[in-house]
Amino acid sequence: MSNSTKPPSGLGFSTLAIHSHQAPDSQFGAVIPPIYQTTTFAQTDAGVLTGGYDYARCGNPTRAALEGALADLEGTALPGHIAGLAFASGVGALSTLCMALLKPGDHLLVGDDVYGGTYRFLTKVFQHYGVEVSFIAMSDAASVEPHLKPNTKMMFLETPSNPLLKLVDLASVIGLAQTKGITTCVDNTFASPYLQNPFVHGADIILHSTTKYIGGHSDVIGGALIVNNDADLAERLRFHQKTVGATPDPFASWLTLRGLKTLGVRMDRHCHNALTLAQWLEQHPLVEHVVYPGLPSHPQHPLAKRQMPKGFGGMMGLQVKGGEAEARTLMKTTKLFTLAESLGGVESLIEHPATMTHASLEKPVREAIGIHDNLVRISVGIEDVADLQADLEQALQAACRSMATV
Ligand SMILES: *Cc1c(COP(=O)(O)O)cnc(C)c1O
């Protein structure tokens with residue numbers, strides 16, 4: 001498997017994750033792609049490159065291995081090293097995407113419950129660039145169509161969303177965009193390429209915060225853009241990648257690639273643990289409501305089954321009986337679930353959207369979209385599920401006792 005060609009077709013997901021663009025190093029046979037911790041590369045004559053690289057912001061072999069593997073996992077139709085672009089963070093990928101593809105006077109359609117950092121970039125930074133942005137409910141084509149304008153250039157979709165795990169019907173919304181010649185970008189961070197494949201539905205670009213499930217070990221920040229089938233679009237993004245400069249260093253690229261190798265087995269366990277806990281919590285007398293796409297009680301469960309056939313991910317929302325005080329007691333009392341922002345790592349995390357990740361929304365706005373004060377968000381890790389269940393049980397009991405004493 002040479003580093004610049006497509007791997008043989010028909011390989012399974014985990015085989016690709018482990019081998020794609022990761023052939024043993026040609027010089028010493030290193031089985032794992034080396035960390036090429038260098039800023040520059042020797043040239044044999046002015047402008048004649050030894051191995052295709054000149055300056056490490058523009059490209060380096062460690063980053064190229066990650067880019068190619070990610071692109072192959074998302075099922076690009078292009079060679080992986082052309083279609084995949086790695087960034088220093090998810091928002092680095094987003095800001096580069098917007099700078100590359102939008103100009104003053106263009107209109108961008110975005111889901112109204114996208115990641116908070118996406119919202120912040122578009123409303124606090126990109127608003128100065130003369131691009132019109134509309135945040136809309138984006139469940140399917142019928143909800144999007146009334147918001148189209150003649151100058152609509154791009155749609156940015158995120159599914160499942162955060163923290164309420166609402167879904168966008170990708171086939172329906174992307175189908176509408178295609179009839180109007182509108183570019184689509186799907187933020188596939190929550191599902192990961194293992195559970196959801198936006199290119200199957202015709203998406204033009206996929207965005208990842210590799211910080212989450214792809215890296216998977218809460219030890220490296222990173223982002224990616226992957227292009228479906230348009231080589232000119234990929235080249236335009238690659239020009240902006242090196243020119244805007246939000247690129248990952250070789251060590252970050254290497255850590256992310258190491259995490260990526262086990263994505264399939266980790267996602268299977270995340271899904272199993274989350275579904276087990278969701279089914280148990282839904283019956284629990286101290287729980288008011290559970291939000292998880294894998295439960296028949298989720299309003300878009302049939303869509304979730306179609307769009308994420310291998311599993312429903314590791315994220316869930318949980319409303320405890322009571323209010324903010326009970327939610328706080330629950331989060332303070334868990335011993336295995338760490339109270340922290342972020343998600344997608346091997347360890348379980350718990351957080352309070354109303355005062356942490358989504359505190360920038362005013363209370364009436366939060367309540368209107370369903371982020372109540374008794375809602376906690378859980379990133380279910382890959383520990384033994386019986387231990388996670390016991391930990392939540394003792395914390396729910398503590399929350400209940402705190403309720404009884406007020
Ligand atoms: C975390 C996250 C981002 C931003 O990624 P960073 O790596 O933190 O910059 C974007 N989208 C989603 C869905 C996220 O969860």
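What percentage of the 406 residues of the protein chain count as buried?

A: Of the 406 residues in the protein chain, 55% count as buried, where buried means under 20% relative accessible area, exposed means over 50% and partly exposed lies in between, with a 1.4 Å probe and protein chains only. This is a predicted model, in which local features need pLDDT of at least 70 and side-chain atom pairs count only at pLDDT 80 or more, while totals for chains, interfaces and linings use all residues. Residues are numbered from 1 along each chain as its sequence is written, and side-chain values use heavy atoms, with hydrogens and water left out.

Leucine 260, when residues up to four places away in sequence are not counted, touches Ala17, Leu66, Ala69, Leu70, Leu73, Ile214 and Arg266, contact meaning heavy atoms within 4.5 Å. In soluble globular proteins, nonpolar side chains tend to be buried together.

Two single residues may be set beside this picture. Threonine 329 belongs to helix H13, residues 324–333, helices being DSSP runs of H or I with at least four residues and strands runs of E with at least two, both numbered from the N terminus. Threonine 329 is buried, because its relative accessible area is 18%, and, apart from neighbours within four places in sequence, threonine 329 is in contact with Ala398, Ala399 and Ser402. Cysteine 58, by contrast, sits in the loop between strand E2 (48–49) and helix H2 (61–73), and counts as partly exposed because its relative accessibility is 28%. Beyond its neighbours within four places in sequence, cysteine 58 is in contact with Arg63 and Lys242, and the C-alpha atoms of cysteine 58 and threonine 247 are separated by 8.3 Å although these two residues are 189 residues apart along the chain.

As for the background, the protein chain contains 15 helices and 14 strands. Among its contacts with a separation of 6 or more, 70% come from residues 24 or more positions apart.
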